[in-house]
Amino acid sequence: MKQEIIIAGFGGQGVLSMGKILAYSGLIEGKEVTWMPAYGPEQRGGTANVTVIVSDEEISSPILSSYDTAIILNQPSMEKFENSVKPGGTLIYDGYGISIPPTRKDINIYRVDAMDVAAKMNLIKIFNMILLGSYLKLHPIVQIESVLKALKKTLPERHHGLIPQNEEAIKKGMELVG
Amino acid sequence: MADQEITLMKGNEAIAHAAIRCGCDGYFGYPITPQSEVLETLAEQKPWETTGMVVLQAESETSSINMVYGGAGCGKKVMTSSSSPGISLMQEGLSYMAGCEIPCLVVNVSRGGPGLGTIQPSQADYFQSCKGGGHGDYRLIVLAPSSVQEMADFVDLAFELAFKYRNPAMILTDGVIGQMMEKVVLPPFKPRRTEEEILKQCPWAATGRPKTRKPNVITSLELDPAKMEEINIRIQKKYAEIQEKEVRFEEYMLEDAEYAICAFGSAARIAKKAIEEARNEGIKVGLLRPITLWPFPYKEVEALSNKVKGILSLEINAGQMVEDIRLAVNGKIPVSHYGRLGGIIPAPDEVVRELKKMVK
Amino acid sequence: MSMDIKEIIQPENLVYQKPELLNDTPMHYCPGCSHGVVHKLISEVIADMGMADKTVGVSPVGCAVFAYKYIDIDWQEAAHGRAPAVATAVKRLWPDRLVFTYQGDGDLACIGTAETIHALNRGENITIVFINNAIYGMTGGQMAPTTLLGMKTATCPYGRDAKLHGYPLKIADLAAQLQGTCYVTRQSVHSVAAINKAKRALRKAFEYNMAGKGSCLVEMVSTCNSGWKLSPAKANKWMEENMFPFYHIGDLKDIANNNQ
């Protein structure tokens, strides 16, 4: 099994870290993974994106022209990546950042109002975990236990107290597309 | 075993960890995107408290390479890393080190040029790395990793070759491999050499002269043309030996191939994806990936030209390695080049399109 | 009664001896040049300290490029201006070694200013021996960063003009301001008294380095009688009359004395 994913939004929305946690979860399960960011000044306030590949087999190119799934957090990224989703693929977007919704008919589109839900739950800082939960519900390429382990590994120790909240956010995300 | 732990890290971070683990004595560098994580990781790891490795942020790339010169000249295992514009500043030092015949490792996490260019990935430093970016008749041993694992593995290999031949070695990579995170098994810890081991391995080093020997002088200066020619001939002999013995390459799906892509580093990864796609469409294509860019695998490319109908050189530049491929092929079969410029990475489907042009 | 030569060459008759570390290679320096004397002093101080087997010198590009041919210690020959960077690494990687650079004004105060200032500012435990003769000697007498105003050289044949060429650079004064330096001094070797003082300065600098106190700069205000187109004696006089009033002789900083 192989999933080729692009996660894109504004810098600071947790795009890179969402990808990192996904990649780490794959690593924990013994899968092959790559995490390829669009690096540079874009990370600091402009649009940011990261390509994550999780696969049972060796991964060739970490850079792709089309994706199984796109997780889109802002309008510029929607314009850039809507057409890069493979036919039959998945597009998940947060309604909060999108003024012109996607129009393609040959892909599965899910609107997840992660930012709104996160605000209600007082979890704004980890709204990206809600989207990750939605993604994992649709494409369970890794177990939620692995994600929690990955969080433990990637978060600094002083933030480990936040792991239960992250779990809550992931589960909420799963419900939202359930 | 902690040594064998599989971990996820960036190529740049892997370089830093591998340096500490392979017994590197010193790193001297200057920040530049997209390679700053090398120095940042070393600073965070504080190897001076564990292995005793020296880590120093210099005032410029010019200074970095001359610190490397000083360290190499006194027998130590020393390195620097930078990206294209910084590497240009280091060319003087590299020429001097090749002239003095002293070993070191320089990592170029290259970006697009010319000039200040872009911070995005590029392979446009092939000529500079392989054809001598500085003055004089000299060569660098150039290794091109195409995964984070190879970033980690090639640090030790580069030092080994550098010391074996007393010549600077370079790891030529780019922003893709430097910034990408992948699985990596870090090499096991190797202790730094003791003072006695260094003196034994490097009897030529300027470390302080005991009365039992003549002074050791690290210099590339010789004003007598006859003597200078002799030195050059000796160095050229060494290069011929390296060309003979140290060529490294990877072959991928070439057994039944009718066409071949030649690509190194990150471009080789894209080539593999393009090959998957092309084979799905019935095009029998494989990959020859030079791992040593110098010494270049001329013989292997020549052998390939007796087997396939055409070679596509995929490079993230305007066509540099393609010149070496054409030298090796010597007109026998068509050789074309495809590349993107300015920091744009060619996508696998673009490569498939180019392959179709060749097959047609 | 005439003495046989063998009777004269007796240890008890010895009044002067070439330093042990200075070999017999004929120096390429012009007669009257200060380099030879400074070479001698360095050779003596290293031997006096018993550090011959633990010293690494770094030679520059300039007249002293071949310093390594005359003093029998280990050397590295640096690219133009880069000696302090080279020395930085040698000292950091072999901390028990005595490491010094030997540089002229073009090498140190012009093309290598960045390396000079930053090595000194980092407090590297090295000594920079700085030969300041206010001219490019090796390339045939061109203007140096330290060339005095009004002084004629091949590239300022009508005299250095501040409007055209800027001002002479007082590197030692700059170095004294840096927190990394522990000893900055300006000396000369034009008289026996001056030579003795210069030797004591070198010894102090090397000892400070070995005690880990920081960077040292020992400037030797020097003559270049060929470049200045003067006889050796006249060059010495010209230096006293013209160089010393601008490049004041003496210590600019010594951590043993004060907290400048």
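The following legends describe close-up views of a predicted model.

**View 1. Helix 14 of chain B and its packing partners.** Helix 14 comprises the twelve residues 348-359 of chain B, and its first and last C-alpha atoms lie 17 Å apart, close to the expected 16 Å. Buried positions on helix 14 are B:Pro348, B:Glu350, B:Val351, B:Val352, B:Glu354, B:Leu355 and B:Met358. These buried residues pack against helix 11 (265-280) and against strand 11 (259-262), strand 12 (285-290), strand 14 (310-314) and strand 15 (335-338) of chain B.

**View 2. Surroundings of B:Ile261 in the largest nonpolar core.** The core contains 152 residues, of which B:Ile261 and B:Ile311 touch the most other members. Helix 7 (residues 148-165) of chain B gives the most to this core, contributing twelve residues. Domain 1 (2-195) and domain 2 (250-359) of chain B each supply at least three residues to this core. Beyond four places in sequence, the residues touched by B:Ile261 include B:Ala271, B:Ile275, B:Val285, B:Leu287, B:Leu312 and B:Leu314. B:Ile261 also touches B:Val351 and B:Leu355, both of which are buried residues of helix 14.

**View 3. A second, separate nonpolar core.** This core has 44 residues, among them A:Val54, A:Val117, A:Leu123 and A:Leu131.

**View 4. The contact between chain B and chain C.** Chain B provides 39 residues to the contact and chain C provides 34 residues. The two chains bury about 2,800 Å² between them, with 60% of this area on carbon and sulfur atoms. Four salt bridges are counted between chain B and chain C. The side chains of B:Glu59 and C:Arg122 form a salt bridge with an N to O distance of 2.8 Å.

Definitions and conventions:
Residues numbered from 1 in each chain as written. Chains lettered and ligands numbered in written order. Predicted model: local features only at pLDDT ≥ 70, side-chain atom pairs only at ≥ 80, totals over all residues. Heavy atoms only, no water. Helix = DSSP H or I, 4+ residues; strand = E, 2+ residues; numbered from the N terminus. Expected span 1.5 Å × (residues − 1). Buried < 20%, exposed > 50% of the residue type's maximum accessible area, 1.4 Å probe, protein only. Contact = heavy atoms within 4.5 Å. Core = buried A, V, L, I, M, F, W, Y, C linked by side-chain atoms within 4.5 Å. Domains from an automatic or database assignment. Buried area = accessible area lost by both parts, 1.4 Å probe.
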